[in-house]
Amino acid sequence: MGAGVSTPVRRLLRHEGVPEAARRALWVVAAGCPGFYVFQYVTGDSVMALYAMFGALPLAMFCRVPGPAPQRTRILLAALPAGWFLVTAGTLLAVSPWAAAAGMFAVGFAVSFCGVGGPRLTGLAMAFQLFYVLPCFPPYEPGTLGSRLAGLTTGILLTVLAERFLWPEPDPVPYRAVLARAAAAVADYTSATAYHLEAGGGALPEREAADRALAAARLSRVPVTERPASPSRHDRAVNHARAAVRHVRDQLDRLADCPGSLPADPAAVTLLRHTELSLRSVAGALRTGTADTQPDPLPAAVAAFDAARAAGLRGTSTERLRQDAVVRAAAEGTRLAAEAARIALGNGPPAGHGPPAGDATRPAQPGTDVFAYATTPPHLLWWRRMRVHLTPHSVHMQNALRLAAALACARLVVGALDLAHGFWVLLATLSLMRTSAADTRAALRPALTGTVAGAAAAALMLYVIGDRPVVYAVALPFVMFAGFTAGPPLGPGWMQAAFTLVIVFVFAQLSAADWRLSEARILDVLVGGAIGVVAGLLAWPRGGRGELGRDMADFLTECAVAGRAVTALLGDDRFQRERSQGDPLRPARRAMYLAEASYAQYLTERMYHERPEAHWGAALATGRAVVHGAELLLMTHQESLRAPLPPGPAAALTGLAGQVAHEVLRAADSLVTGGPREPRTTVSRYPAEESGPLRRASDGHLGVSDAHVLLIVDTEAWLTGVAHDAVRTRAAPDRTDVPATRRADPPESWPEAGPGDAEGAWHRPSPARPRRGGGRPGPGIGRA
């Protein structure tokens, strides 16, 4: 029998989540119990004792604070003023149910909407909500505010001490180290690609290694507290570097997928070698946390490559022109990764962006200053992030409104029914609410089962032991530690049972207790869960899935508009006046942030369709190819923008842009209609030998400067890459496209560029979503 008991225990102890759960359970005991016992049994202040317990319990048990130990200590201490404000507000607004409910709505919305600043900002969300919930219930006793604040302060300070000195968490691996490994893997892939171009043919095992390293750098694969998802300069720069490294990998994939019939281009191979060295420098700087002070030789190598390309442009094959353009795009992506890494490590923004030096009369070209966030005040960065999501179509706005309404309604219901322990109702609503109605219903069953089990055990103990507070005081630390250690690994039902036992044992010491205390707990969980389910059914019940199709379609629709506008901006002087009036990429960026947020939430929701839906990721890749590639072109071809292209090449690019926009719009329409997928194909629909812009560039037309020829070639490579991704969006997914896990991959976007990134900008108006039935009519332009 001993072996039969010990085997499950040993199995539980080997569970990967047990050490973390045991650490937090120990913190709860060490931070919550001393203040509770001293105030309850020494000073006799039960109010102070209750707030000491609930000042420590949510912080120690539920909150995830980012960074190394000193940073976590500063964040927890900074929570003190916020806690004082919330407890004071709850105490004063408890004067009436309507005032308390209005305050509950405001607090619930504000704390939840802070999720737009990334998961690290919401690490203290549960604690902040409970700091208001607890005092907003009757009795209305503003005279006890001093005791409440003193108890809260004690609980928070004891949590700080326990977290810092009692079995402290090891310092996390910084995200920059994870990104360093990805940059190093892509550097290996670059070296292998250069050898591939020289030797021709052969598989590239480094390609798979680079894919694995970049997959490990996804935000979903790192701890929540270490995800660089805030609008701050550091996090924006880290995201910028990651997006640039992924862009380099995508260009290397295009080179690796080439047939291999072209002879080696020594200039391209040399540039790839310089790209590899620069990527290794980026990886080393991110790994050590110190920016490289040596000048990067890559810009000079790019200039030399452009000179070599310009010298041999006339008569060069179309395949060679496109391959060289892809090599250059990989090098430019590496340059951006290096500059972004320097900003992330504390250096200032790079020089050389915007108008050329000495030309103060010429306005900066739209989209050219992709590092504008490095000089933007922090409050503006935060405001712009919030402004993007101030729309009913944002999942962050929907989540905040849903939770705030549910908590406010729960507070009104508690007042109307005059429930004895109304705090438990809001606690149940808060803990059971999910982002979709299906997930909320799924969470209700284990929560109710665990609550009934815990309440039954507590009722039995209350019936047997009776009103003997000393017994519950002795048992409380052991129940806390055992329950909170075993609860998280065993599942939500076990956690609810443990939490119910702890709650009953705490309140059994504060007032006369009998078995009906367990009955009240069950009733409150039922009421709170029902309110959460009803709120989920009435307010955006489909969660992220409900917005995903529309947001993705809007994103691709805006990208189709932006692709044509940027192409016209690059090649046609008719748009010279609009250059100083706004950035044509702004609407696409705004749509990108909303689509990324919907996709990230969709992947966290369990109750979605199990059929393969890899086209969502392909749609994001298509849109990012538009935005990222356009920013690179606008930034690196500033000199070419001084004069318009001749009419013939400009018309060729415009025609190609129209065709690509049509492909993107068809991809957008397929996301909305959900029609049958096209057969998967690896053959490009835009072969180089049939490309009108490339033929004009290789024919050597008179009147076209070398700089304009290079601009034509690079723009054509960007557009055909976008078209290839758009075709993949409509292709039927195979089994390799289905993610092995259903964890979210939060936004991996290029940072916003320009001072007004979330504002409306010059662009052709487009409907909110593509038309059904095959997409919008195409531009009516064949191959140029």
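Biologist: In this structure, does S394 count as buried or exposed?

Modeller: S394 has a relative accessibility of 1%, so this serine counts as buried. The model is a predicted one, and every value discussed here is computed from it. S394 is placed in the loop between α14 (378–388) and α15. Leaving aside residues up to four places away in sequence, S394 touches H389 and L594.

Biologist: What does a side-chain oxygen of S394 reach at the start of α15?

Modeller: The backbone nitrogen of H396 lies within 3.2 Å of a side-chain oxygen of S394, at the start of α15.

Biologist: How far apart are the end C-alpha atoms of helix α15, and what span should its residues give?

Modeller: Helix α15 covers residues 395–417, which is 23 residues, and at 1.5 Å a residue these should span 33 Å. The end C-alpha atoms are 32 Å apart, which agrees with that expectation.

Biologist: Which residue follows α15, and what is its phi?

Modeller: D418 follows α15 and has a positive phi, near 55 degrees. This is a positive value in a residue other than glycine. D418 is in the loop between α15 and α16 (422–432), and it counts as exposed because its relative accessibility is 66%. W167 is another case: phi is positive there, near 50 degrees, and W167 is not a glycine. W167 is found in the loop between α7 and α8 (175–199), and its relative accessibility of 37% makes it partly exposed.

Biologist: Which peptide bond is cis?

Modeller: The bond from P138 to P139 is cis, with omega near 5 degrees. P139 lies in the loop between α6 (125–133) and α7.

Biologist: How many helices and how many strands does the protein have?

Modeller: The protein has 26 helices and zero strands. It comprises 784 residues, of which 57% count as buried. Among contacts with a separation of 6 or more, 85% are between residues 24 or more positions apart.

Biologist: How far apart are the closest N and O atoms of R624 and E596?

Modeller: They are 3.0 Å apart, and the two residues form a salt bridge. R624 belongs to helix α23 (residues 615–636) and E596 to helix α22 (residues 586–604), so the pair ties together parts that are 28 residues apart in sequence. R624 counts as buried at 14% relative accessibility, and E596 counts as buried at 2%. A salt bridge also joins the side chains of D551 and R550, at 4.0 Å from N to O. Both D551 and R550 are buried.

Biologist: Which residues are linked in a network of salt bridges?

Modeller: The network links D306, R309, R328, E332, R335 and D714.

Biologist: Where is confidence lowest, and where is it highest?

Modeller: The lowest confidence is in helix α1 (residues 2–13), with a mean pLDDT of 55, and the highest is in helix α7 (residues 145–165), at 95. Over residues 353–364 the pLDDT is below 50, and this stretch has 21 contacts in the model beyond near neighbours in sequence. For residues 575–580 the pLDDT stays under 50, and the model has twelve contacts beyond four places in sequence. In general, where pLDDT is low, the predicted coordinates should not be read in detail. Across the protein the average pLDDT is 81, and 82% of the residues score at least 70.

How values were computed
Residues numbered from 1 in each chain as written. Predicted model: local features only at pLDDT ≥ 70, side-chain atom pairs only at ≥ 80, totals over all residues. Heavy atoms only, no water. pLDDT = per-residue confidence, 0-100. Helix = DSSP H or I, 4+ residues; strand = E, 2+ residues; numbered from the N terminus. Contact = heavy atoms within 4.5 Å. Buried < 20%, exposed > 50% of the residue type's maximum accessible area, 1.4 Å probe, protein only. Expected span 1.5 Å × (residues − 1). Polar contact = N/O pair within 3.5 Å; in protein donor to acceptor, adjacent residues only side chain to side chain.
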